[in-house]
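These are my notebook entries on a single structure. I looked up its helices, its nonpolar cores and a few residues taken one at a time.

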Amino acid sequence: MSDNVYNVLFLCNANSARSIMAEALLNRIGGGRFKAFSAGSQPKGEVNPYALQLLESLSYDTSFARSKGWDEFAEPAAPEMNFIFTLCDSTANESCPIWPGHPMTALWSIPDPAKADGTEAELHLAFADAYRMLNNRISLFTNLRVDALDHLALQQHLDQIGRDTAKPN
């Protein structure tokens with residue numbers, strides 16, 4: 001097994017919910033093999049309180065969480081990304097910065113829990129569902145032998161993770 005630490009950037013529009021949860025998840029379950037970051041194309045400037053509440057209820061330290069723009073990760077001093085996962089369809093259609101190092105990319109579209117409507121219980125459920133979907137995908141990703149797969153095979157696995165785990169359980 002490789003001793004490499006792979007940098008992973010999760011992208012969304014607002015960087016207030018899905019990408020923040022994905023960053024927390026990968027940093028927890030990545031076993032030191034991955035370092036996660038998150039950003040948005042149009043950052044909201046604040047993290048969604050439901051996302052923070054969910055993470056805190058699962059014993060995550062949320063002190064890392066801040067809504068930030070993706071330009072931060074296209075600057076010369078930024079860490080070079082190995083993987084970039086876009087978590088919403090609308091961001092996938094935007095013109096992205098040129099990422100140093102030519103990272104592998106995949107669309108892992110997840111419904112935006114911040115757009116959910118309803119009772120408090122329904123809003124909490126929307127965030128829990130997004131977390132569950134992210135957990136499924138990130139768990140599959142962290143179990144890939146990233147160092148043992150060629151580029152094409154790895155890209156096929158990344159794309160498949162986004163397709164197969166899109167269906168609700």
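**Entry 1: helix α5.** I began with the length of α5: at 1.5 Å a residue its 14 residues should span 20 Å, and the end C-alpha atoms are 20 Å apart, which agrees. The expected span is 1.5 Å times one less than the number of residues in the helix. I took helices (H or I, at least four residues) and strands (E, at least two) as DSSP runs, numbered from the N terminus.

I must record that this is a predicted model, in which local features need pLDDT of at least 70 and side-chain atom pairs count only at pLDDT 80 or more, while totals for chains, interfaces and linings use all residues. Residues are numbered from 1 along each chain as its sequence is written, and side-chain values use heavy atoms, with hydrogens and water left out.

Next I listed the buried residues of α5, which are A153, L154, Q155, L158, I161 and G162. Buried means under 20% relative accessible area, exposed over 50%, and partly exposed in between, with a 1.4 Å probe and protein chains only. I found that these buried residues pack against β3, β4 and α4; contact here means heavy atoms within 4.5 Å.

At the start of α5, I noted a side-chain oxygen of D150 within 3.1 Å of the backbone nitrogen of L152. I count a polar contact as a pair of N or O atoms within 3.5 Å; within protein, one must be able to donate a hydrogen and the other to accept it, and residues adjacent in sequence count only if both atoms are side-chain atoms.

**Entry 2: R137.** I placed R137 in helix α4. R137 is buried, with a relative accessible area of 0%. What lies 3.2 Å from a polar atom of its side chain? I found the backbone oxygen of G162 there, and G162 is itself among the buried residues of α5.

**Entry 3: the nonpolar cores.** I define a nonpolar core as a set of buried Ala, Val, Leu, Ile, Met, Phe, Trp, Tyr and Cys residues joined through side-chain atoms within 4.5 Å. The largest one holds 41 residues, of which F10, M21, F83, F85, W108, F141 and L158 touch the most other members. At least two residues each come from β1 (6–12), α1 (18–29), β2 (34–40), α2 (49–57), β3 (83–86), β4 (104–107), α4 (120–142) and α5 (151–164). Which element gives the most? It is α4, with 8 residues. I also found another core apart from this one, of 9 residues, including L9, M81, I84 and W99.

I then looked up F10. Beyond four places in sequence, its contacts include S19, A22, L26, F37, F85, W108 and I138.

M21 lies in helix α1 and is buried, with a relative accessible area of 0%. Leaving out residues up to four places away, M21 touches A51, L54, L55, P113, F127, A130, Y131 and L134.

**Entry 4: helix α2.** The buried residues of α2 are Y50, A51, L54 and L55. They cover an arc of only 130 degrees around the axis, which puts them on the same side of α2; I take the arc from the directions from the helix axis to the C-beta atoms. This buried set packs against α1 and α4. The face turned away from it carries the exposed residues P49 and S57. N48 caps the N-terminal end, with a side-chain oxygen 2.7 Å from the backbone nitrogen of Y50.

**Entry 5: strands β3 and β4.** I found β3 and β4 paired in the parallel sense over 4 bridges; two strands pair if DSSP finds at least two bridges between them. I84 stands opposite T105 in β4. The covered face of β4 has M104 and A106, and the uncovered one has T105 and L107.

Entry 6: Most residues other than glycine have a negative phi. S59 is exposed, with a relative accessible area of 61%. H102, in the loop between α3 (89–92) and β4, has a positive phi of about 55 degrees although it is not a glycine. H102 is exposed, at 72%.

Last, I looked up K115, in the loop between β4 and α4. K115 counts as exposed at 70% relative accessibility.
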